[in-house]
Amino acid sequence: MDISLHIAQDPDADELLGRSPLAALVGMLLDQQVPMEWAFKGPRTIAERLGTDDLDAHEIAAYDPERFTALLSAKPAVHRYPGSMAKRIQQLCQYLVEHYDGDAAAVWKDAGTGAELLRRLNELPGFGAQKAQIFLALLGKQFGVQPKGWREAAGAYGEPKAFRSVADITGPESLAKVRAHKQELKAAKASGK
C-alpha cells in the first residue's frame, strides 16, 4: 500500500497514512470531536513518540496502558481526549492481533463483497456504523479497495464526489467542501430540520 493522500494536510502524516493500513485505521478511529486534520495527524505523532516510522499493532497492543496514555497526552496531545483514545487505540490493536495477526490490511484484503467488508469494519472496536461506512468509502475512493457492492455498503459516503466525509478529501479545496457540508448538517440539526 503506497497511496498519495492529502487528508491530514501535512505531507509526513499523509505519507504515513498512505502506506500504513494501521495508521489509516487509527486516524479514522481518532476522527471524532476534533478537526479531521488533527485526527489524521495523530498516527504520525504516535509513531514519532514511539520512535518509529510506522505503527505496529503488536507493539501497541502490548504497550503499558498508563505509558501509552502518557504518550498520547504529552503536549501537544494527540486528541482532545487522549486517555479514552489511548484505550480505544489499544483495544483496536488488540483486536487486530487477535483476529488478523496484527495485519490491519487483512481486514479488507480478501473481503469478497462490500457488505462483508462493512461487517468486518463494524466489528472493529471504536467503529460504529457511520465510521465503518466512511472508512469503507475511503478505502474504495482513495485506496482502490473496491469489492463488489462497496459503494452501496458505504451508503451516501460511497457516492462519487459526495464531499460528505474524509473519504472525499484530496486536497484543500475538497476539505473546504467537506467542511461546508458538515456545517450545513450542523446548522440543520440546530434548527430542528
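**Figure 1. Salt bridges of the predicted model.** The structure holds 11 salt bridges, each defined as a side-chain nitrogen of Lys or Arg within 4 Å of a carboxyl oxygen of Asp or Glu. This is a predicted model, in which local features need pLDDT of at least 70 and side-chain atom pairs count only at pLDDT 80 or more, while totals for chains, interfaces and linings use all residues. Residues are numbered from 1 along each chain as its sequence is written, and side-chain values use heavy atoms, with hydrogens and water left out.

**Figure 2. Salt bridge between Asp54 and Arg19.** The closest N and O atoms of Asp54 and Arg19 are 4.0 Å apart. The pair links distant parts of the chain, 35 residues apart: Arg19 belongs to helix 1 (residues 11–19) and Asp54 to the loop between helix 3 (36–50) and helix 4 (57–62); helices (H or I, at least four residues) are DSSP runs, numbered from the N terminus. Asp54 is partly exposed at 24% relative accessibility; buried means under 20% relative accessible area, exposed over 50% and partly exposed in between (1.4 Å probe, protein chains only).

**Figure 3. Salt bridge between Glu37 and Arg179.** Here the closest N and O atoms are 2.6 Å apart. Glu37 in helix 3 and Arg179 in helix 11 (residues 172–190) are 142 residues apart, so that the pair links distant parts of the chain. Glu37 counts as buried, at 15% relative accessibility, whereas Arg179 is partly exposed at 32%.

Figure 4. Lys177 and Glu173 meet through their side chains (3.8 Å, N to O). Both residues lie in helix 11, four residues apart, about one turn of the helix. Lys177 is partly exposed at 38% relative accessibility; Glu173 is exposed at 61%.

Technical notes: Helices (H or I, at least four residues) and strands (E, at least two) are DSSP runs, numbered from the N terminus.
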